[in-house]
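Keep the view open while you read.

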2 protein chains.
Amino acid sequence: MTMVVVTIMPKKGVLDPQGQAVQGALAHMGFGDVLDVRVGKRIEIEMRGHDPAAQVTKMCEDLLANDLIEDFHVEMPG
Amino acid sequence: MTMVVVTIMPKKGVLDPQGQAVQGALAHMGFGDVLDVRVGKRIEIEMRGHDPAAQVTKMCEDLLANDLIEDFHVEMPG
């Protein structure tokens, strides 16, 4: 078994309404030192079989990430 | 300016419907080597000021994470 971690973030320049909402809420709560917030996803996938990183990269291209507005990164921790 | 990265994942043992949905979709698409999927959040926060990691930990406790069902982790990359 192998753990593969996918990070998916909005591309730079793409509007991130979830990040803006969090930033607004934090400012409202008095956290005045926040300059920018971007919200993305972390997906942990437990895999068996051959070349798990390549399999997960294919999953990102086919399903997990929206290439128009998101960047993804695949890593195997440890 | 300092970048602080927050990772928020469903606690072990807590049902993760989003992860189950992704796992089901992947199986349906023929990715048969997937054993488990957990979906969480990654939040990138650009900070100024004193002790950014401590400030962001407070944000997690007060707003970003739901301590009942989620674990969070704060790190400063680089």
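## One sheet from two chains

Strands β2(A) and β2(B) run antiparallel and are joined by 13 bridges. The model is a predicted one. Within that pairing, A:Ile43 has B:Val39 of β2(B) as its bridge partner.

Now widen the view. The open sheet has 6 strands, in the order β3(A)-β1(A)-β2(A)-β2(B)-β1(B)-β3(B), and the pairing is antiparallel. At the edges sit β3 (70–75) of chain A and β3 (70–75) of chain B, each pairing on one side only. From one strand to the next, the twist averages 20 degrees. Strands of a sheet pair through backbone hydrogen bonds, in either a parallel or an antiparallel sense.

The table lists the pairings by their bridges.

| Strand pair | Bridges | Sense |
|---|---|---|
| β1(A) and β2(A) | 7 bridges | antiparallel |
| β1(A) and β3(A) | 6 bridges | antiparallel |
| β1(B) and β3(B) | 6 bridges | antiparallel |
| β2(A) and β2(B) | 13 bridges | antiparallel |

## Strand β1 of chain A

How much of β1(A) is buried? Of its 9 residues, 7 are buried, so the strand is largely enclosed by the rest of the structure.

A:Met3 stands opposite A:Glu46 in β2(A). A:Thr7 stands opposite A:Arg42, also in β2(A). Towards β3(A), A:Met9 stands opposite A:Asp71.

Is A:Thr7 buried or exposed? Its relative accessible area is 10%, so A:Thr7 counts as buried, the cut-off being under 20%.

## Helix α2 of chain A

Helix α2 (residues 52–64) of chain A has 13 residues. Its end C-alpha atoms are only 15 Å apart. A straight helix would reach 18 Å at 1.5 Å a residue, and α2(A) falls short of that.

Which residues of α2(A) are buried? They are A:Pro52, A:Gln55, A:Val56, A:Met59, A:Cys60 and A:Leu64. Seen down the axis of α2(A), these buried residues fall within an arc of 145 degrees, so they line one face of the helix. An α-helix has 3.6 residues a turn, so residues three or four places apart point the same way.

What covers that buried face comes from both chains. The cover includes β1 (2–10), β2 and β3 of chain A. It also includes α1 and β2 of chain B.

## Helix α2 of chain B

Helix α2 (residues 52–64) of chain B also has 13 residues, with its end C-alpha atoms only 15 Å apart. That is short of the 18 Å that a straight helix would reach at 1.5 Å a residue.

Buried in α2(B) are B:Pro52, B:Gln55, B:Val56, B:Met59, B:Cys60 and B:Leu64. Down the axis of α2(B), they fall within an arc of 145 degrees, so they line one face of the helix. These residues pack against α1 (17–28) and β2 of chain A, together with β1, β2 and β3 of chain B.

Start with α2(A) and α1(B). They pack at an angle of about 100 degrees, with their axes 11 Å apart. That angle makes α2(A) roughly perpendicular to α1(B). On the α2(A) side, the contact is made by A:Met59, A:Leu63 and A:Leu64. From α1(B) come B:Val22, B:Ala25 and B:Leu26.

Now take α1(A) and α2(B). These helices pack at about 100 degrees, and their axes are 11 Å apart. α1(A) is therefore roughly perpendicular to α2(B). A:Val22, A:Ala25 and A:Leu26 of α1(A) make the contact with B:Met59, B:Leu63 and B:Leu64 of α2(B).

Finally, return to the sheet. Helix α1 (residues 17–28) of chain B lies across β2 (34–47) of chain A and β2 (34–47) of chain B. This helix runs at about 125 degrees to β2(B).

Technical notes
Residues numbered from 1 in each chain as written. Chains lettered and ligands numbered in written order. Predicted model: local features only at pLDDT ≥ 70, side-chain atom pairs only at ≥ 80, totals over all residues. Heavy atoms only, no water. Pairing = 2+ DSSP bridges. Helix = DSSP H or I, 4+ residues; strand = E, 2+ residues; numbered from the N terminus. Axes fitted to C-alpha atoms, helices over the stretch in contact; angles between N-to-C directions. Contact = heavy atoms within 4.5 Å. Expected span 1.5 Å × (residues − 1). Buried < 20%, exposed > 50% of the residue type's maximum accessible area, 1.4 Å probe, protein only. Arc of directions from axis to C-beta. Parallel < 35°, antiparallel > 145°, perpendicular 65-115°, else oblique.
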